[in-house]
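Colleague: Could you walk me through one part of this model in detail, charged side chains included? I'd like a connected account that I can follow on screen.

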Amino acid sequence: DVLARRYRKAKNDNARHLVKELRKHRARKQRRLSEFCSHLWKNDRLTRRIEQLLSKLDDADGSTELFGGWSTARWLDIVHEFSQLSNVDDSNLEFLHQFRIRGKALRYTMELLESTFDQELLPLTYATVAELQKRLGNINDQCVAIQLFRRWKRKDHALSKACSLKAPKRVASRKLDQAIAEFKSWWTPNVKTELFQSLTKL
């Protein structure tokens with residue numbers, strides 16, 4: 001989708017071929033998702049799993065463990081796991097990808113446990129985590145584009161016959177270098193320290 005939006009407004013034949021092929025690629029992925037959803041709903045499989053979960057929650061009413069205590073312990077575990085990858089090796093794209101995944105877990109946990117956090121610290125801390133995700137996401141988008149172009153070329157894909165992939169690949173490589181440079185200039189020791197201090201104080 002990111003690639004398709006990028007080339008949709010271009011007027012040359014190369015870009016039109018690229019968008020057309022990306023739409024085909026997207027349609028194939030959508031069919032697989034549709035098949036998976038159908039599998040989940042078949043014979044009310046998903047409904048039964050939801051009911052089992054709700055039943056377990058009802059059975060937990062008598063538990064002596066308070067949500068606040070549990071959430072604090074779990075949150076500190078998540079922060080620790082995230083901090084383990086905080087010293088980013090920005091020359092290693094796979095490492096950056098894993099850091100992005102760990103950051104997503106951190107962000108989603110913040111959203112789930114929002115009511116237990118310090119409401120004065122939360123907005124700025126969440127904004128920093130969101131910005132981190134955005135910058136890592138920009139890097140990931142370019143990596144995905146480059147990998148896709150390489151795979152199409154290697155497999156003698158129909159697109160590689162219809163148009164040249166050299167220019168789009170060069171653009172993606174240039175944007176990747178730019179995204180990494182921007183991330184490095186933003187993810188300074190000061191930003192990192194302030195973020196982890198806020199995360200542990202929440």
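Modeller: Happy to! R135 and E131 form a salt bridge, with 2.9 Å between their closest N and O atoms; the term means a side-chain nitrogen of Lys or Arg within 4 Å of a carboxyl oxygen of Asp or Glu. This is a predicted model, so local features need pLDDT of at least 70 and side-chain atom pairs pLDDT 80 or more, while totals for chains, interfaces and linings use all residues. Residues are numbered from 1 along each chain as its sequence is written, and side-chain values use heavy atoms, leaving out hydrogens and water.

Because R135 and E131 sit four residues apart in helix α6, about one helical turn separates them. Helices here are DSSP runs (H or I, at least four residues), numbered from the N terminus. With 21% relative accessibility, R135 is partly exposed, and E131, at 25%, is partly exposed as well. The cut-offs are under 20% relative accessible area for buried, over 50% for exposed and partly exposed in between, with a 1.4 Å probe and protein chains only.

T125 also lies in helix α6, but its 3% relative accessibility makes T125 buried. A polar atom of the T125 side chain lies 2.8 Å from the backbone oxygen of L121.

Further along, R151 belongs to helix α6, which covers residues 122-154. R151 is partly exposed, at 31% relative accessibility.

Methods. Helix = DSSP H or I, 4+ residues; strand = E, 2+ residues; numbered from the N terminus. Polar contact = N/O pair within 3.5 Å; in protein donor to acceptor, adjacent residues only side chain to side chain.
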